[in-house]
Amino acid sequence: MTSTNTPENRNTAGNRNAPENRNTPDGAPTMLALHQTALGGPEVLRLTELPRPVPGPGEILVAVHAAGLNPTDFKHRALSIFLPPPPLTLGWDVSGTVVETGMGVTLFRPGDEVFGMLPYPYGAGSHAEYVTGPARAFAAKPAGIDHVQAAALPLAALTAWQALVETADLRAGQRVLIHAAAGGVGHLAVQIAKERGAHVTGTASAPKHDFLRGLGADACIDHRSEDFTDTDERYDVVLDALGGETATRSVGVLRPGGILVSLLPGAEDTRAEAEKAQVRAVTLLVEHDRAGMQAIAGLAEKGRLRAHVSGTFPLAEGARAHAQGETGRTTGKLVITVR
């Protein structure tokens, strides 16, 4: 196994984006992955040669074309949260081509283009040339979008879908407040909420308000200069990607019977405040879901759901992608390109 901070370009001369066929001395195939052997900052990420995974029963082996980055990648790189200690390869979003199918797989065949989210949180590994995952974590990649677009969707779009559609049962005519609406989950949630016929208010810095309006947001709140609670507006649903005190304060802008869906734990008194206000407060952990991926694929195919990709980085520059993502200033998503 080899690793380096500044790997040379090991791609074939004929196709700079096509990984080489590499093998161990005993003939087993290998691959390059954005790997880490310690927790820490972006500098712990190394382009490392690892054994290529083999699909087990019910799994597919995917040649990764592109893989999305999410805030959870940054957190798991630095802290021991859900995953075991390093060594590990991060990445849950993936778009690519099926190379091999494991026993019992009937949904896909080699050559099929697929996208999906590896089982969260324990199924990470898409920041590599190849990855395996359950066949039912994937759906057919929409023909109308490329792999970069497809890779930006799964985790963030599934989170928004499971929060707004499956948990909150958002319906036409309802009013929803989306915190961090220009972020990865937020900007997709705006589109999904509008597709459901809801009235959407989003919080974001003022320079991003035109972006949100372009997605269909009906109203925008500048989180730097305005207090979202300083209003007579009452919402049926609040989607909170910030947690902490933002979650607790969001209880006060819900109408009785409303629901707060947080993506991070709120303050200790959030649930108590919710009970007093006669609203629900829940914390969502996204799950891999073929039906959800198919719904997302359908919206993307019709042009009703599109990820805003603010930057792409080759696999060898994954550490730089992490550093940019951690600034917290990204609009939409960042994506790692492999092929």
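Biologist: Where does Q278 sit?
Modeller: Q278 is in the loop between α7 and β16. Keep in mind that this is a predicted model.

Biologist: OK, and what's the phi of Q278 like?
Modeller: Positive, about 60 degrees, even though Q278 is not a glycine. Most residues other than glycine have a negative phi.

Biologist: Is Q278 buried or exposed?
Modeller: Exposed, because its relative accessibility is 60% and the cut-off for exposed is over 50%.

Biologist: Which other non-glycine has a positive phi?
Modeller: D169 has one, at about 50 degrees. D169 lies in the loop between α3 (154-167) and β11. With a relative accessible area of 38%, D169 counts as partly exposed.

Biologist: How many bridges join β11 to β14?
Modeller: Three, between β11 at residues 175-178 and β14 at residues 235-240, and these two strands run parallel.

Biologist: Which residue in β14 is the bridge partner of I178?
Modeller: That's L239.

Biologist: Switching topic: which peptide bonds are cis?
Modeller: Among them is the one from P86 to P87, with omega near 15 degrees. The bond joining Y120 and P121 is cis too, with omega about 10 degrees. For context, most peptide bonds are trans.

Biologist: Where are P87 and P121 found?
Modeller: In loops. P87 is between α1 (71-78) and β6 (88-89), while P121 is between β8 and β9 (130-134).

Biologist: And β8, which glycine is found there?
Modeller: G116 is in β8, a strand covering residues 113-117.

Biologist: Is G116 buried or exposed?
Modeller: G116 is at 0% relative accessibility, so it counts as buried.

Biologist: What does G116 touch?
Modeller: Leaving out residues up to four places away in sequence, G116 touches W92, D93, V94, A137, F138, P154 and M293.

Biologist: Zooming out, how many helices and strands does the protein chain have?
Modeller: Nine helices and 18 strands.

Biologist: What's the radius of gyration of the protein chain?
Modeller: 20 Å, which agrees with the value near 20 Å that a compact globule of 339 residues would have. The C-alpha trace spans about 70 × 40 × 35 Å along its principal axes.

Biologist: What share of the residues is buried?
Modeller: Buried residues make up 54% of the 339.

Biologist: Last one: what share of contacts join residues at least 24 apart?
Modeller: 64%, among contacts between residues at least 6 apart in sequence.

How values were computed
Residues are numbered from 1 along each chain as its sequence is written. This is a predicted model: local features need pLDDT of at least 70, side-chain atom pairs count only at pLDDT 80 or more; totals for chains, interfaces and linings use all residues. Side-chain values use heavy atoms; hydrogens and water are left out. Two strands pair if DSSP finds at least two bridges between them. Helices (H or I, at least four residues) and strands (E, at least two) are DSSP runs, numbered from the N terminus. Buried means under 20% relative accessible area, exposed over 50%, partly exposed in between (1.4 Å probe, protein chains only). Contact means heavy atoms within 4.5 Å. The radius of gyration is taken over C-alpha atoms; the globule rule is 2.2 Å times the number of residues to the power 0.38.
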